[in-house]
Amino acid sequence: SRRRHTRYISVTGVQTCALPILTELDSIILLPHIGSASVETRDRMAILVAENVLDALDGKQPRSAVAP
């Protein structure tokens with residue numbers, strides 16, 4: 001017999017709309033993106049935002065700019 005593999009995918013609503021086939025596959029379990037839900041991660045994200053603002057105010061390239 002063939003072994004079945006289940007895949008877990010973290011998605012946003014936009015991704016789900018773009019790939020409706022994902023909602024039809026039995027071997028896929030769609031989960032909301034919760035990777036940043038911990039207090040520690042949220043605190044680190046807040047610090048990074050503050051550092052980016054300070055970089056910009058100092059005339060520097062923000063350290064986590066996506067499209068500089």
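How many residues does helix 2 have, and how far does helix 2 reach from its first C-alpha to its last? Helix 2 comprises 19 residues and reaches 27 Å between these two atoms, close to the 27 Å expected at 1.5 Å a residue, where the expected span is 1.5 Å times one less than the number of residues. The structure is a predicted model, in which local features need pLDDT of at least 70 and side-chain atom pairs count only at pLDDT 80 or more, whereas totals for chains, interfaces and linings use all residues. Residues are numbered from 1 along each chain as its sequence is written, and side-chain values use heavy atoms, with hydrogens and water left out.

The protein chain contains 2 helices and 2 strands, in the order β-α-β-α from the N terminus on. These elements are DSSP runs numbered from the N terminus, with helices (H or I) of at least four residues and strands (E) of at least two. Of the 68 residues of the chain, 9% count as buried; buried denotes under 20% relative accessible area, exposed over 50%, and partly exposed the range in between (1.4 Å probe, protein chains only). The chain exposes about 6,000 Å², of which carbon and sulfur atoms supply 59%. Accessible areas were computed by the Shrake-Rupley method with a 1.4 Å probe, and for residues only the protein chains shown count as cover. Among contacts (heavy atoms within 4.5 Å) with a separation of 6 or more, 2% are accounted for by residues 24 or more positions apart.

Side chains of opposite charge can pair when their charged atoms come close. A search of the whole structure finds 3 salt bridges, each defined as a side-chain nitrogen of Lys or Arg within 4 Å of a carboxyl oxygen of Asp or Glu. One of them joins E40 and R44, at 4.0 Å from N to O. Both residues lie in helix 2, 4 residues apart, or about one turn of the helix, and both are exposed.

A salt bridge also links E51 to R63, with the closest N and O atoms 3.6 Å apart. Because E51 lies in helix 2 and R63 in the segment after helix 2, this pair ties together parts that are 12 residues apart in sequence. E51 counts as partly exposed, at 28% relative accessibility. D55 is buried, with a relative accessible area of 6%. Through shared partners, salt bridges join E51, D55 and R63 into one network.

D55 itself lies in helix 2. Apart from its neighbours within four places in sequence, D55 is in contact with K60, Q61, P62 and R63. Just after helix 2, G59 adopts a positive phi of about 80°.

A nonpolar patch on the surface is formed by V49, V53, L54 and L57, which together have about 410 Å² of accessible area. Patches consist of residues with over 30% relative accessible area and no salt bridge, like charges being joined within 9 Å and nonpolar side chains (Val, Leu, Ile, Met, Phe, Trp, Tyr) within 5 Å.
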